[in-house]
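Please read the points below with the structure open beside you, and look up each residue as it is named.

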Amino acid sequence: MKKGLAGILLASLVFTGTSCNKSDAGDAKGPVTIWHWMSDREDAFKELADRYKAQTGKEVRFELYAPSEAYMQKVRASGQTTTLPDIFGVLGESRDIASFIEAGHILNVQPEMDKDGGVWRKRFYPEALEGNEFKAGNRFNIPPGIYGVPIDVTTIQFIYNKGIFRRAGIDPNKPPETWDEFIVDGKKIAKLGIPGFVSGWGDLWLIECLADNLAFNIMGQDKVIATYRGTVPYTDPDWVKVFSLFDELGKSKILAEGVVTMINKSAEQLFSNERAGMAFNGSWAVNVYSGMNPSLDYGVFPTPRVTDKHPRVVWGGPGSSLMVNAKSPRAQEAVLFLKWLTDGPQQKYLVTSTKNLPSIEGVSQDIPAVLAKFADGMKISVHPSRLPITETSPVIERFDKAIQSIIIGEKTPQEAAEDVESAKKEELAKAANPQ
């Protein structure tokens, strides 16, 4: 399941409720209540709650609501009736978080981050905080500030089976650096009767992720942003090049069967069962694979480089973030708990118990090598939520589906580019003539 990186697309949030928050109805002496959706971390959170009470004498209570879709339905309904807990998370795009901020539901924690010379802020990977930050002049007109506290980060990279590499005659200590090497290695693996590559591209966001990584390397961030603004068309040769790479991938015969409709969980099972040589997945896969195949021997490498003109990048940023209810009488107590939760000992415990990447720096040296490799990806990470402008959802959907069509041979790269550009023009026309 896709995590907080790009979020879950939600309908527009409209807040009309005027009743009192249950937190507001009580006094500030009650326990700090935290809603979350992270079922894999329920036991770890309970342990941390016990540790916090033992250290401070203050009670916190974690309440799990899963799956994530059900969780967000509850959060949205509680926003409408003003019954949110002291701490919660918003799973969505920047516009969704902005809706909660506009309604007064989320506290700007930047003043707390900047206290004492910014000691709290300086703990974090800067990229992790950027995913929760609204800067001056943002397109939602949100007051500048930091509105969420990341408790972990995630990067999405390529993963490879070292044993299968050996069988295919590939040095397991030298994963592919370039796109051409990736294709060559995939073909060597395919000769073993094993798919060279798998990913859950039935979950469209994974297609978007890889395509973005390739686009940033081919044309650079400024040109990608210019495309989102509408000043560079998707029919530009650099975008056609991006589409062409997926055409090459489809024709290479290294893909697992049904990859364009395969959900990511199925792709994870295929790779963990050692029935695919390489995969494209997020850092949460470390936890997934350990449950599916504890003896799996694998490594991690960034998106293969297509050109030397621009750096190669990976999608990365905050994985799970928690927000403080600005209307809660326990808001300051909630802030104190989040400061404690994102301190070194608690972050180390979360890493070892849940196998998620820490949101703060200085912990990576204490974690398993494969997790450390995922953590290193933060240094070259990008994410649409950290850009000054993002593409509209209809264009993203057309873009992802166009790539699916390329892979199965229904569209050429040029036809795909023209199709996406048509969708872009429709969106620009709507923006220019709002109803």
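1. The largest nonpolar core has 138 residues, and Trp201, Phe246 and Phe337 are those with the most contacts inside it. A nonpolar core here is a set of buried Ala, Val, Leu, Ile, Met, Phe, Trp, Tyr and Cys residues joined through side-chain atoms within 4.5 Å; buried means under 20% relative accessible area, exposed means over 50%, and partly exposed lies in between, with a 1.4 Å probe and protein chains only. Helix H9 (residues 204–219) gives the largest share of this core, eleven residues. Domain 1 (29–151 + 319–342) and domain 2 (155–316 + 388–430) both give residues to the core, so it lies between them. As background, in soluble globular proteins nonpolar side chains tend to be buried together.

2. Before going further, please keep in mind that this is a predicted model, in which local features need pLDDT of at least 70 and side-chain atom pairs count only at pLDDT 80 or more, while totals for chains, interfaces and linings use all residues. Residues are numbered from 1 along each chain as its sequence is written, and side-chain values use heavy atoms, with hydrogens and water left out.

3. The protein chain is divided into domain 1 and domain 2, with bounds that come from an automatic or database domain assignment. Taken over C-alpha atoms, the centres of domain 1 and domain 2 are separated by 32 Å. Four residues of domain 1 are in contact with five residues of domain 2, where contact means heavy atoms within 4.5 Å.

4. Which residues does phenylalanine 246 touch, leaving aside its neighbours within four places in sequence? Phenylalanine 246 is in contact with Trp201, Ile207, Leu210, Ala211, Leu214, Ile403, Ile406 and Ile407, once those sequence neighbours are left out.

5. Helices (H or I, at least four residues) and strands (E, at least two) are DSSP runs, numbered from the N terminus. Strand E1 (residues 32–36) and strand E2 (residues 60–64) run parallel and are joined by five bridges; two strands pair if DSSP finds at least two bridges between them. Valine 32 has valine 60 as its bridge partner in E2. Together with helix H2 (residues 42–56), E1 and E2 make a right-handed β-α-β unit, right-handed meaning that, with the strands pointing away from the viewer, the path from the first strand over the helix to the second runs clockwise.

6. In strand E9, five of its five residues are buried. Met278, Phe280 and Gly282 point one way from E9, whereas Ala279 and Asn281 point the other way, and it is a general rule that in a regular strand the side chains alternate between the two faces of the sheet. Strand E7 (residues 152–161) pairs with E9 in the antiparallel sense over five bridges, and isoleucine 156 stands opposite glycine 282. Strand E8 (residues 197–198) pairs with E9 in the parallel sense over two bridges, and there valine 198 stands opposite alanine 279.

7. Some backbone details deserve a careful look. Alanine 66 and proline 67 are joined by a cis peptide bond, with omega about 0 degrees, and proline 67 is in the loop between E2 and helix H3 (68–81). Aspartate 116, although not a glycine, has a positive phi of about 55 degrees; this residue is in helix H5 (residues 110–118) and is exposed, with a relative accessible area of 70%. Glutamate 274 also is not a glycine and has a positive phi of about 60 degrees; its place is in the loop between helix H12 (264–272) and strand E9 (278–282), where it is partly exposed at 36% relative accessible area.

8. Valine 420 lies in helix H18 (residues 413–432) and is buried, with a relative accessible area of 0%. Leaving aside neighbours within four places in sequence, valine 420 is in contact with Tyr234, Phe243, Val395, Arg398, Phe399 and Ala402.
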